[in-house]
Amino acid sequence: MVARDLEHLAPREGVRGSWWDRSYVKDALELLFITGEVAASRGANFSRTYDSTERAWGLPRASVGNWGLSEADAGQQLFDRAIAACGIGTTRDLADHFRLVSPAGSGATARAAWAASAVERGLADWVTVEGWDEPALLAVGGPTAEAPWHRAATDPGRATAVTLLSPFDPVAWFRPRLARMFGMDYRIEIYTPAAQRVYGYYCLPFLMGDQMVGRVDLKADRKAGTLRVHAAWREEGTAPGARRRSDAAVANALAAELNTMTQWLGLSHIDVAPRGNIADAVRAAITQLAS
């Protein structure tokens with residue numbers, strides 16, 4: 001069922017919001033979900049659906065089963081997994097990977113405890129990083145019986161990945177980390193009034209190798225079968241210590257990724273608006289690909 005199926009049990013007092021639909025029933029169901037008493041998934045139109053844990057997961061609810069974790073153990077496990085996922089990071093970086101505590105610093109005690117435990121168990125070492133104001137944890141060691149998913153940070157020598165990232169990718173969540181490691185100041189602007197937006201409504205960061213080299217404001221116009229590039233921006237800065245890529249290299253790589261996204265979405269055309277400091281170069285590269 002969805003929350004509205006139970007609204008009669010605790011009718012809402014306020015009107016439904018345009019962005020967030022909060023009610024007594026919704027809050028109660030979310031509490032039951034995060035405590036393992038009900039299961040949840042996404043249904044039609046991105047609606048949250050709820051079901052019994054027995055039907056959805058084949059497990060009894062957490063209060064009568066033995067599969068749940070205490071809040072303290074869950075926090076530690078998520079922090080440990082963030083170390084393996086990030087490879088290196090300050091305690092704020094790592095805690096924010098799974099949104100464990102406020103990155104502003106209210107969870108400093110918890111972060112210190114998680115970090116000390118990870119170091120004691122051989123999952124990480126304290127290191128200093130040139131240009132960083134805080135010490136960092138570096139993932140070390142390998143998989144263990146306790147942590148079969150763990151892996152040490154390694155230097156690949158050369159990074160060759162090229163991809164468009166979701167605005168909700170963990171790399172973009174904690175803005176200080178993104179700026180410190182990649183030199184990108186990024187904020188999603190879907191909640192910003194149109195007249196005050198700098199880059200666009202729904203900009204996707206563009207990763208090229210080990211650098212964030214651009215961002216594009218995209219919209220899939222399915223009725224017209226067109227991927228609309230409302231704006232294409234080249235980052236003015238570079239990652240600390242990185243060699244700046246040429247505009248032509250960025251435009252060509254971005255055009256290829258936009259072409260891949262068009263195919264993935266089942267669209268047939270790409271339309272690039274003349275907005276952004278690399279829009280003309282991207283349009284030319286897309287034309288070249290099509291010829």
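**Close-up 1. Phenylalanine 206 and the S7–S8 pairing.** Phenylalanine 206 stands opposite glycine 214 in S8. Strands S7 and S8 pair in the antiparallel sense over 6 bridges; pairing requires at least two DSSP bridges between two strands. Strands (E, at least two residues) and helices (H or I, at least four) are DSSP runs, numbered from the N terminus. The S7–S8 hairpin has 2 residues between the strands, and glycine 209 there takes a positive phi near 65°. The model is predicted: local features need pLDDT of at least 70, side-chain atom pairs count only at pLDDT 80 or more, and totals for chains, interfaces and linings use all residues. Residues are numbered from 1 along each chain as its sequence is written, and side-chain values use heavy atoms, leaving out hydrogens and water.

**Close-up 2. Strand S8 and its hairpin with S9.** S8 and S9 pair in the antiparallel sense over 8 bridges. Arginine 215 stands opposite tryptophan 233 in S9. This hairpin of S8 and S9 has 4 residues between the strands; glycine 225 takes a positive phi near 65°. Of the 11 residues of S8, 9 are buried, so the strand is largely enclosed by the rest of the structure. Buried means under 20% relative accessible area, exposed over 50%, partly exposed in between (1.4 Å probe, protein chains only).

Close-up 3. Five strands form an open sheet in the order S6-S7-S8-S9-S10, with mixed pairing. Strand S6 (162–164) and strand S10 (269–272) are the edges, each pairing on one side only. Neighbouring strands are turned by 30° against each other on average, direction ignored. Axes are lines fitted to C-alpha atoms, for helices over the stretch in contact, and angles run from 0 to 180 degrees between N-to-C directions. S9 (residues 226–234) pairs with S10 in the parallel sense over 4 bridges. Valine 229 stands opposite valine 272 in S10.

**Close-up 4. Helices on the sheet.** Helix H8 (residues 247–264) packs on the sheet and touches S6, S7, S8, S9 and S10. Contact means heavy atoms within 4.5 Å. The direction of H8 makes about 120° with that of S7. Helix H9 (residues 279–290) lies across S9 and S10, running at about 155° to S10.

**Close-up 5. The largest nonpolar core.** This core has 24 residues; Leu164, Val216, Leu218, Leu258 and Val282 touch the most other members. A nonpolar core is a set of buried Ala, Val, Leu, Ile, Met, Phe, Trp, Tyr and Cys residues joined through side-chain atoms within 4.5 Å. H8 gives the largest share, 7 residues.
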